[in-house]
Amino acid sequence: MKKTLAAFLIMLGSQQALYAQQAPVNWTASWIETSTDEAPNRPAQYYRTTFDLKKKVKSATLLITSHGLYEAHINGKRVGDSYLTPGWTSYYKRLQYQRYDVKELITKGKNAIGVAVGNGWSRSSLAWGDNKDRWGKKLGLLAELQVVYTDGTKENITTNNNWKTANGEIQGNEIYDGEAVDHTLTQKGWDNATFNDAAWKPVTVATFDNKNLIPTENEPVKKHETFKALKVITTPKGEKVIDFGQNLVGWVVVKAKGKAGDRITIQHAEVLDKEGNFYTANLRAAKATASYTLSGDAVGETFEPHFTFYGFRFIKIEGYPGEITPENFTAVAVYSDMKPTGTFECSNPMLNQLQHNITWGQRGNFVDVPTDCPQRDERLGWTGDAQVFFSTAAYNYNVKNFFSKWLKDVAADQREDGAIPYVVPHVLGGGDFGSAGWGDVSTIIPWEMYEIYGDKQVLVDQYESMKKWVGYMEGHINKDDLYRYGSHFGDWLSYRPGNDDGTEAVTDKYQIAQCFFAYSTQLLINAANVLGKTEDATRYEALLKRIKDAFNKEYVTGSGRVLSNTQTAYVLALQFDMLPEGEPRKKAAAYLAENVKQYNNHLTTGFLGTPYLCHVLSDNGYPDLAYTLLLQDTFPSWLYPVKMGATTIWERWDGIKPDGTFQTIVMNSFNHYAYGAIGDWMYKNITGIQSAAPGYKKIVIKPIIGGKLTWAKASFNSVNGTISSDWKIENGKLTLKVTVPKGTTAEVNVPDTAGKDYKTYNVSAGTYTYTR
């Protein structure tokens, strides 16, 4: 295991390996804040100092964090290529600092450090209403440059009362509303040693105990793909709009040349309305605007934001000096720097687009925390969304560090009684805790992480949190062992056409809660067994039996029907092993298949039922029906948004209705990854890549043939190396090519062309080709 973990850290890159091995820092720096009254627009604050280095430098390391977001510069050059640092955590308990090797940025003699600090998540208004200053009313900076000279002596340059502060070109910055940059207020050279800072004000030193400071564990947010303008549009209303062709998260880099004081305003939107006009109603209160004021530089000017991000495909441009041409506008995707691990492709172009949409939904919503959406006045770490999508996310990217960091915030924000907040970091009200399927993030993701990466440290780290969550539910069961307590979201956004004909697919919330209570208890038992906590395992096994017995007594009829009689009701009962083996499970699967057919081969599941629907069908004798649902392209279905031109996963099955009108503006995101959880089934079943032991030490390759597919291929870069499965049907024969990495054994199940008969081969590492 140690060798595997070491190799894994090397694979992730030296920066992450360094973070994992960091010793606690004995900070000698002081927190500094601005000493001046703040303007109503809350501009970014700029800090600077100069220092002399009199000897030859062996190494120079900058340790830095902030209250708010920071961008650091040394001698006029940006430090690192990370954005939105120090990231978003539960700041009162966990505030990350970053560590940079800056030897190449400093020089013998006089040097300067300059740092801009913006509001970020710490002070921006979050969620709804005037919910600003969640983690404090003041911005602040803590920085320490540790210099080691070649003669072995050391020197620290730290934030202290010798620093100065001022405002500059960033005149407004909020997560939801965007950023305003005014080049007429640029203080040129402010981050250089020769800059005259006589007009700058002294800083104020603030006192904090620094107990919440932690090294960075996850990959930083960085720039990734860029998009040139696909086309410039004049809408029916006369608006000037650019289409970048992809719904993405990040910002637009703008080039312009004009007079001093010219102001360019850019608004961001995901879609155009039915008439082709710019549409932002679904952003609710988020202004999502960039404002750029020119200085009049004759050479031309370049603008981009620093402390915000936008979710968009389209931008509307006002005030641009001169003709709007594509070459002056470049969209940049910004998200956490996770390493890609999975690829999937098949003979159906719509499924390929679905996989594209899933991947881009993940990119846009993995900006340091797993958010529900990236564009409106929300962008929060909804726990239910994260847990349903985790398995798919882990196929597409290596998310070990990303979720290890976030799970510690889940535990940090967990209430003393064990309840988990709806969103993490927690920014909602005191009662927004404990929903079934949302709180279970505390058990589901740690266990799935262990299965995928084979590192039990996540179970060690999260075990008490897992136990507290199960304890919270156990503490609220009634005398019949039923968990019928609290407020729950239920099967969020399930099929509800709003008529009175009885077709609304509403599953009893407490019935759902009992299922997740059982599932979390089972996962806690699993974790206890892995960690050698036998007494806990025995105790929770007894509890699990009581939970399931209570479920069958309360929610299952004599004929084997599950109460609520919805797809989600059957799916959860089967997926979480709530029913006895044999005939009860067989009946439930048949009732589920019957229900799907009653809805004309459409799904009716919401956030909690959808991830498991096709799994339950294919695992219980209905793989063809799973394919039928997957390939359905009318509402509600996965391919309906694809048919409507989606480039990401939508929040609602019918965000855009067949007539081109929109769902309610109250809740209609066009970049919402939850329903993208079907990606897990595509990897596991269409191409058949499945883990049979933690860390993919043993794997199963068992593709399901169906859906009129003639070929499919996928690869997954596991901790041991790349696993691949590539099958095609040609000239009446099926050929399957499989790659098994070193340190892994595989059971390869080769189907015939009809997918009805399999031949099994047990193999070790290597590449194999089978034909039937």
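Okay, let's start with the sheet: five strands make an open, antiparallel sheet, in the order β26-β31-β32-β33-β36. At the edges stand β26 (342-346) and β36 (766-771), each with a single partner strand, so one side of each has no neighbour in the sheet. From one strand to the next the twist averages 5 degrees. Strands here are DSSP E runs of at least two residues, helices are H or I runs of at least four, and both are numbered from the N terminus. Two strands pair if DSSP finds at least two bridges between them.

Quick word on the model: it is predicted, so local features need pLDDT of at least 70 and side-chain atom pairs count only at pLDDT 80 or more, while totals for chains, interfaces and linings use all residues. Residues are numbered from 1 along each chain as its sequence is written, and side-chain values use heavy atoms, with hydrogens and water left out.

Back to the sheet. β31 (residues 711-718) and β32 (residues 721-730) pair in the antiparallel sense over 8 bridges, and K713 stands opposite D726 in β32. Lying across β26, β31 and β32 is helix α16 (residues 678-686), at about 75 degrees to β26. That angle is between N-to-C directions, on a scale from 0 to 180 degrees, with axes fitted to C-alpha atoms, for helices over the stretch in contact; contact means heavy atoms within 4.5 Å.

Next, α4. How far apart are the end C-alpha atoms of this helix, residues 349-365? They are 24 Å apart, which agrees with the 24 Å that 17 residues should span at 1.5 Å a residue; the expected span is 1.5 Å times one less than the number of residues. At the start of α4, a side-chain oxygen of N348 comes to within 2.8 Å of the backbone nitrogen of M350. The helix is mostly covered, with 12 of its 17 residues buried, among them L351, W360 and R363. Buried means under 20% relative accessible area, exposed over 50%, and partly exposed in between, using a 1.4 Å probe and protein chains only.

The T85 to P86 peptide bond is cis, omega near 10 degrees, and P86 sits in the loop between β5 (77-78) and β6 (95-101). V424 to P425 is cis too, with omega near -5 degrees; P425 is in the loop between α6 (400-413) and α7 (441-453).

D133 is not a glycine, but has a positive phi of about 55 degrees. Is D133 buried or exposed? Buried, at 16% relative accessibility.

Note on methods. Polar contact = N/O pair within 3.5 Å; in protein donor to acceptor, adjacent residues only side chain to side chain.
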